[in-house]
Amino acid sequence: MSDKDQSGAENQTGTPQTDVITSELGQRIRSARKRRRISLAAFAEATGYSVGFLSQIETGAALPSLSALAAIASTTATDVRDLLDITPGASLTLTRSSDAPVLTLGSASGSRFRLFSARGTRATFSAMIEEAPQAALSETFQFQGERFVLMLDGTLTITLPASGGTCHLQAGDALHYRAATPHQRSVDDQDGAVMFWLTYPAII
């Protein structure tokens, strides 16, 4: 088992919306593990994360990164979207800027996300604004579905090592790509960057 611990999550002392999301997510992860009759020790061995870190996730003390969620979902034979299914979707959802839930998906990136789309089983996509600090080239990401990003401020570089392609995005630029393609990213500006993301299928 690896020593991965806090690098895959963010300890939460934030807004009420964030606290509710983290708590309910932890409850769903614990229920999924219990349904499969997996002990915490076996859970840690299978996912590569420590027992203490996984316990924090289940109790709502930490919010896992998307890569940690993927490992948890695989181990419990659960769809990531089911783990993130907070409330049933509605046919019409209005989200005011001041009411958008704030998420921190992974402490390593330091990014702050505001979620504007509907959530739950009826949601087909997620729409988020990310505020990201300056960061060097990230680890390699690989997800299901598609991603669309529109740069609102700053610059972002997305690198696809397998194909040798590199995309430099400035404010006003957009990129649509298949998230299953292994990719990396870096935020180049000292003041960070602001991006609008659409993800399909929904991840929240």
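Helix H4 is followed by Ala-77, whose phi is positive, near 55°. The model is a predicted one, in which local features need pLDDT of at least 70, side-chain atom pairs count only at pLDDT 80 or more, and totals for chains, interfaces and linings use all residues. Residues are numbered from 1 along each chain as its sequence is written, and side-chain values use heavy atoms, with hydrogens and water left out.

Ala-77 is not a glycine despite this phi, and its place is the loop between H4 and H5; helices (H or I, at least four residues) and strands (E, at least two) are DSSP runs numbered from the N terminus. Ala-77 is exposed, with a relative accessible area of 56%, where exposed means over 50%, buried under 20% and partly exposed in between (1.4 Å probe, protein chains only). Arg-37, likewise not a glycine, has a positive phi of about 55°. This residue sits in the loop between helix H1 (16-35) and helix H2 (40-47), and Arg-37 is exposed at a relative accessible area of 80%.

Turning to H4 itself, its buried residues are Ala-68, Leu-69, Ala-71, Ile-72, Ala-73 and Thr-75. H4 (66-75) and helix H5 (80-83) each supply at least two residues to the lining of the second largest pocket, and H4 gives the most, with six. A pocket here is an open set of points on a 1 Å grid over the protein atoms alone, where a 1.4 Å probe fits, with protein on both sides within 12 Å along at least five of seven lines; lining residues have an atom within 4 Å of a point. The volume of the second largest pocket is about 370 Å³, taken as the space filled by probe spheres set on the points, which are joined across faces, edges and corners. Of its 20 lining residues, Leu-66, Ala-70, Val-80, Phe-143 and Gln-144 lie nearest the centre. The lining comprises ten nonpolar, six polar and four charged residues, with Ala, Val, Leu, Ile, Met, Phe, Trp, Tyr, Cys and Pro counted as nonpolar, Asp, Glu, Lys and Arg as charged, and the others, Gly among them, as polar.

Elsewhere, Leu-198 is found in strand E11 (residues 193-200) and is partly exposed, with a relative accessible area of 30%. Finally, the peptide bond from Tyr-200 to Pro-201 is cis, with omega near 0°, and Pro-201 belongs to the segment after E11.
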